Structures are given as structure tokens and as C-alpha cells.
Amino acid sequence: MSSQAQIKCPLCSFLFNQGDRICQGCKGRIYYGATPYERNEAKKVGAGIGGLIAIAIFFISMQLSIAINFGWFILLGVVLAAVGAFLNWKRVVDKDPSKITVTK
Ligand SMILES: [Zn+2]
């Protein structure tokens, strides 16, 4: 009796072991949690949100007539985009680690 958890392939119903990378039933690629595509999309969306926040801060400071070197806004945009990308990536990775996706 094996202690290893068995998972039913959502594509072909073959039972594979937790940790397997390829389904022996349909030869599909097995992903645990978010797929690489979902992780990449999450990074792009997070970076976009970070960039938008930086632009918003830029316009608010213009409205308030706060003089800040434009170079600092570029830096702020890069930092916020990187932070946003990381946070949204982490959110997607942590969302549902038990999710199983099989792609052919
Ligand atoms: Zn399968």
C-alpha cells in the first residue's frame, strides 16, 4: 500500500502520483497550482497596475505643484511595477496550490 497521494487526471482520468510531471495516461504535462501562463499573466497585470499607480502619483504631484525630478518618477514607476508584478505573481501562486492542470 503506497502512502503517496494519487490524483485523477482531469483529461483522461488516469491516476498519477502527486509530484509526477507527465500523465502516463494521456502524456499531458501536469501543473500543480497556477500554470506558467497564469503566472506570467499575473506578473504583467501586476506590473501594469504598479505603473499606473506611479503615473497617478505623477499627475497628483503635478496638480499639487510638487516639483519632483522626473527621473525619480521613472525610478518610482520601475519599483512599483516590480513590486506589483511580484505581489500579483505571489497572489496567483498562493491562490490554490492543490489545483491540477493537465495540458497536452
Ligand atoms: Zn491524463
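Modeller: The protein chain has two helices and four strands, where helices (H or I, at least four residues) and strands (E, at least two) are DSSP runs, numbered from the N terminus. This is a predicted model: local features need pLDDT of at least 70, side-chain atom pairs count only at pLDDT 80 or more, and totals for chains, interfaces and linings use all residues. Residues are numbered from 1 along each chain as its sequence is written.

Colleague: Which pattern does the protein chain follow along the sequence?

Modeller: The pattern is β-β-β-α-α-β.

Colleague: How does the radius of gyration of the protein chain stand against that of a compact globule of 104 residues?

Modeller: The protein chain has 21 Å, whereas a compact globule of 104 residues would have a value near 13 Å. The radius of gyration is taken over C-alpha atoms, and the globule rule is 2.2 Å times the number of residues to the power 0.38. Along the principal axes, the C-alpha atoms fill a box of roughly 70 × 25 × 15 Å.

Colleague: What percentage of the residues is buried?

Modeller: Buried residues make up 14% of the 104 residues in the protein chain. A residue is buried if 20 or more other C-beta atoms lie within 10 Å of its own, exposed if 12 or fewer, and partly exposed in between; C-beta atoms are placed from the backbone.

Colleague: Which residues form the largest nonpolar core?

Modeller: That core has eight residues, namely Ala-34, Ala-42, Ala-47, Leu-80, Ala-81, Ala-85, Trp-89 and Val-92. Helix H1 (36-63) and helix H2 (70-95) are the elements that give two or more residues to this core, and H2 provides the largest share, five residues. A nonpolar core is a set of buried Ala, Val, Leu, Ile, Met, Phe, Trp, Tyr and Cys residues joined through C-beta atoms within 7 Å.

Colleague: Ala-34 is on that list. What is Ala-34 in contact with, leaving aside neighbours within four places in sequence?

Modeller: Ala-34 is in contact with Arg-39, Val-92, Val-93 and Lys-95. Two residues are in contact if their C-beta atoms, placed from the backbone, lie within 7 Å. Arg-91 counts as partly exposed because it has 13 C-beta neighbours inside 10 Å.

Colleague: How do the axes of H1 and H2 cross?

Modeller: The axes come within 6 Å and cross at roughly 145 degrees. Axes are lines fitted to C-alpha atoms, for helices over the stretch in contact, and angles run from 0 to 180 degrees between N-to-C directions. The residues of the contact of H1 with H2 divide into 19 nonpolar, six polar and four charged. Here Ala, Val, Leu, Ile, Met, Phe, Trp, Tyr, Cys and Pro count as nonpolar, Asp, Glu, Lys and Arg as charged, and the others, Gly among them, as polar.

Colleague: Which phi does Ser-13 have?

Modeller: Ser-13 has a positive phi of about 70 degrees although it is not a glycine. Most residues other than glycine have a negative phi. Ser-13 is in the loop between strand S1 (6-8) and S2, and it is exposed, with 10 other C-beta atoms within 10 Å.

Colleague: What about Ser-65?

Modeller: Ser-65, also not a glycine, has a positive phi of about 55 degrees. Ser-65 is placed in the loop between H1 and H2 and counts as exposed because it has 6 C-beta neighbours inside 10 Å.
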